[in-house]
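User: I would like to go through this structure with you, pockets to begin with and then packing and backbone. Please keep the answers brief.

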Amino acid sequence: MPLKSTFDQTTTEMVCLLVLLMLASSAASPQDLSGKMFTFPQQTNTAHVTLTTSTVSFNAATVCHRSFTDLKRDHILFSMATRTNSNAFLVFWDSTNKEMEPHIKDLKIEYGGCDYKPGMWHSICTTWDSVTGLVQVWCDGRPSSRMFITSGPISGSTITILGQEQDSHGGGFDLKQSFVGMMSDVHMWDYTLSACEIQKYVDELNFTPGNVLNWSALDFQITGRVLTENKQMTCH
């Protein structure tokens with residue numbers, strides 16, 4: 001009898017372990033967020049979304065996203081940090097100077113002329129190539145000049161965050177730089193997207209999804225008050 005009891009207990013423990021492993025695997029699996037958006041409903045230095053990627057080195061990159069905000073202050077749009085560069089790949093709106101500012105490896109370029117108005121959806125794409133060192137920003141399909149920022153690859157363990165600007169690897173958040181609003185259709189590629197592909201993204205046509213971050217198969221973790229909701233669009 002004692003042997004049977006021990007066997008039953010071991011079997012029960014194994015079943016429980018398998019169930020926990022299955023639940024963990026299910027929770028970590030990528031999600032299709034097509035037609036969805038992240039809503040950041042309040043100013044905070046804690047709430048954010050961490051995006052998981054397996055890429056550890058970038059010789060080139062393109063990041064595209066759509067956002068809606070009423071903010072009239074500086075705010076972050078995309079933040080990727082490594083241990084050596086807190087602004088490894090960052091897209092930031094400078095409200096004071098009305099500039100869209102891409103940062104690569106802690107260096108930045110200031111682009112005026114981006115018609116980034118509050119209270120409406122905007123599609124922003126940023127491209128960078130490590131060989132030429134050139135960066136370019138596309139605001140709602142309108143390209144900026146291609147300008148030199150820095151060459152050489154982005155290497156090391158990356159942490160990618162929406163909603164907060166990293167001043168350290170995975171932290172150092174500033175309340176006055178946080179994003180408040182809605183964000184959707186976040187994609188990242190490990191190459192520079194062509195002008196035609198960017199236009200397809202802007203027009204929400206059939207485009208090649210990101211091979212680093214793919215909104216239709218996104219591995220993410222929410223911290224704090226961030227909601228996943230159906231995407232809101234203006235009806236005509």
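User: What classes of residue make up the lining of the second largest pocket?

Analyst: In this predicted model, that lining has three nonpolar, four polar and four charged residues. The volume of the second largest pocket is about 170 Å³.

User: Which residues line the second largest pocket?

Analyst: The lining consists of Ser34, Gly35, Arg66, Asp185, His187, Glu204, Phe207, Pro209, Trp215, Ser216 and Lys231.

User: And what is the volume of the largest pocket?

Analyst: About 210 Å³. The lining of the largest pocket comprises 14 residues, and those nearest its centre are Gly113, Cys114, Asp115, Cys139 and Arg142.

User: How does the lining of the largest pocket divide by class?

Analyst: Six residues are nonpolar, four are polar and four are charged.

User: Changing topic: which residues of helix α2 are buried?

Analyst: Helix α2 spans residues 195-202, and its buried residues are Glu197, Ile198, Tyr201 and Val202. These residues lie on the same side of α2, because they cover an arc of only 140° around the axis.

User: What follows α2?

Analyst: Glu204 follows α2 and has a positive phi, near 55°. Glu204 is also one of the residues that line the second largest pocket.

User: Where do Lys98 and Lys105 lie, and what is the phi of each?

Analyst: Lys98, in the loop between β6 and β7 (99-104), has a phi near 55°, positive although the residue is not glycine. Lys105 lies in the loop between β7 and β8 (107-108), and its phi is also positive, at about 50°. As background, most residues other than glycine have a negative phi.

User: Is Lys105 buried or exposed?

Analyst: Lys105 counts as buried, because its relative accessibility is 18% and the cut-off for buried is under 20%.

User: Finally, the largest nonpolar core: which members touch the most others?

Analyst: Phe38, Phe78, Phe89, Met100, Leu162 and Met188 do, in a core of 43 residues. Strand β6 (residues 89-94) gives the most to this core, with five residues. Another core, of nine residues, lies apart from it and includes Cys64, Trp189, Ile198 and Val202. Both Ile198 and Val202 are among the buried residues of α2.

Notes:
Residues numbered from 1 in each chain as written. Predicted model: local features only at pLDDT ≥ 70, side-chain atom pairs only at ≥ 80, totals over all residues. Heavy atoms only, no water. Core = buried A, V, L, I, M, F, W, Y, C linked by side-chain atoms within 4.5 Å. Buried < 20%, exposed > 50% of the residue type's maximum accessible area, 1.4 Å probe, protein only. Helix = DSSP H or I, 4+ residues; strand = E, 2+ residues; numbered from the N terminus. 1 Å grid on protein atoms, 1.4 Å probe; cavity = no way out; pocket = protein on both sides within 12 Å on 5 of 7 lines; lining within 4 Å. Points joined across faces, edges and corners; volume = space filled by probe spheres on them. Nonpolar A, V, L, I, M, F, W, Y, C, P; charged D, E, K, R; others polar. Arc of directions from axis to C-beta.
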